[in-house]
Amino acid sequence: GTISGAGAPGNPAPSYFPVVLREGTTKITGGTYAVNGEMVLGGVVNHGDEGFDNLLQMDGGTLNISSWFSIGRGNGTGSRSSNVVLNNSSVITCANLSAGFNGGNAANLPKGSITLNNSSSLIDSGNFYLGESPGSVMTMTLNGSSSLAASSGGQHRIGAGGAGTMILNGTSSVTFSGNTNGNGSLAVYVGYGAGSGYLEVNNGA
């Protein structure tokens, strides 16, 4: 199927995004979809509000995001959760990934998770932040033969400023690579600055 939008504002000014999945469940079962710009799961209604539970579930298909894939962006104060689940052979590609950005306001404390199952994959061609802002709590779990690839000169941080947890199960794999340009482009930080990182590998790669 095809979804077309008119570019209506998706967040309080001046932060407008072409796609904001604010609450409830969005399920993709097949097809190929493109987002021209930043895609947000969560988003800010009012800073410091409770926020919303939201879920993006892909059981098939491909989602291509030309800019940031922002999970939990400014969503709530820790009692609500922004979650992504990829099943089967579904694929998400993005230019950068942020999980746990507070939207530029310390009153927001996003929480959420990313779960890759079966042979699904997440391909990030830029920065990778899991638990980006202080007070955020984000977990990524890879199961089966799923994979994460973050291959560029971007920054790769598990617990960038908040709490980031990554767990590899089964034959899942994570690949971080890059070049010598930029700050720490070849390094993978498990806990960066004031952030708290945790990495657990259970038969993964």
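Before reading any area, I noted that accessible areas here come from the Shrake-Rupley method with a 1.4 Å probe. On that basis, the accessible surface of the chain comes to about 8,600 Å², and 50% of it belongs to carbon and sulfur atoms. I keep in mind throughout that this is a predicted model.

Entry on the fold. I looked up the secondary structure and found 18 strands and 0 helices in the chain. I then checked burial, and of the 205 residues 45% are buried. For the contacts with a separation of 6 or more, I found that 83% are between residues 24 or more positions apart.

Entry on the nonpolar patch. I asked which residues make the nonpolar surface patch. Val 188, Val 190, Leu 199 and Val 201 make this patch, which covers about 290 Å². At least two residues of the patch come from strand E17 (188-190), and at least two from strand E18 (196-201). I looked at Val 190 separately: this residue is found in strand E17, and its relative accessible area of 38% places it as partly exposed.

Entry on the salt bridges. I counted 3 salt bridges, and I went through them in turn.

The side chains of Arg 73 and Glu 38 meet in a salt bridge, at 3.4 Å from N to O. Arg 73 lies in strand E6 (residues 62-73) and Glu 38 in the loop between strand E3 (32-35) and strand E4 (39-42), so this pair ties together parts that are 35 residues apart in sequence.

Glu 50 sits in the loop between E4 and strand E5 (54-58) and Arg 80 in the loop between E6 and strand E7 (82-86), a link between distant parts of the chain, 30 residues apart. Glu 50 is partly exposed, with a relative accessible area of 43%, and Arg 80 is partly exposed at 26%.

Asp 53 forms a salt bridge with Arg 80, and their closest N and O atoms are 3.0 Å apart. This pair is 27 residues apart, with Asp 53 in the loop between E4 and E5. Asp 53 is partly exposed, with a relative accessible area of 39%. Through shared partners, the salt bridges join Glu 50, Asp 53 and Arg 80 into one network.

Note on methods
Residues are numbered from 1 along each chain as its sequence is written. This is a predicted model: local features need pLDDT of at least 70, side-chain atom pairs count only at pLDDT 80 or more; totals for chains, interfaces and linings use all residues. Side-chain values use heavy atoms; hydrogens and water are left out. Patches are made of residues with over 30% relative accessible area and no salt bridge: like charges are joined within 9 Å, nonpolar side chains (Val, Leu, Ile, Met, Phe, Trp, Tyr) within 5 Å. A salt bridge is a side-chain nitrogen of Lys or Arg within 4 Å of a carboxyl oxygen of Asp or Glu. Helices (H or I, at least four residues) and strands (E, at least two) are DSSP runs, numbered from the N terminus. Buried means under 20% relative accessible area, exposed over 50%, partly exposed in between (1.4 Å probe, protein chains only). Contact means heavy atoms within 4.5 Å.
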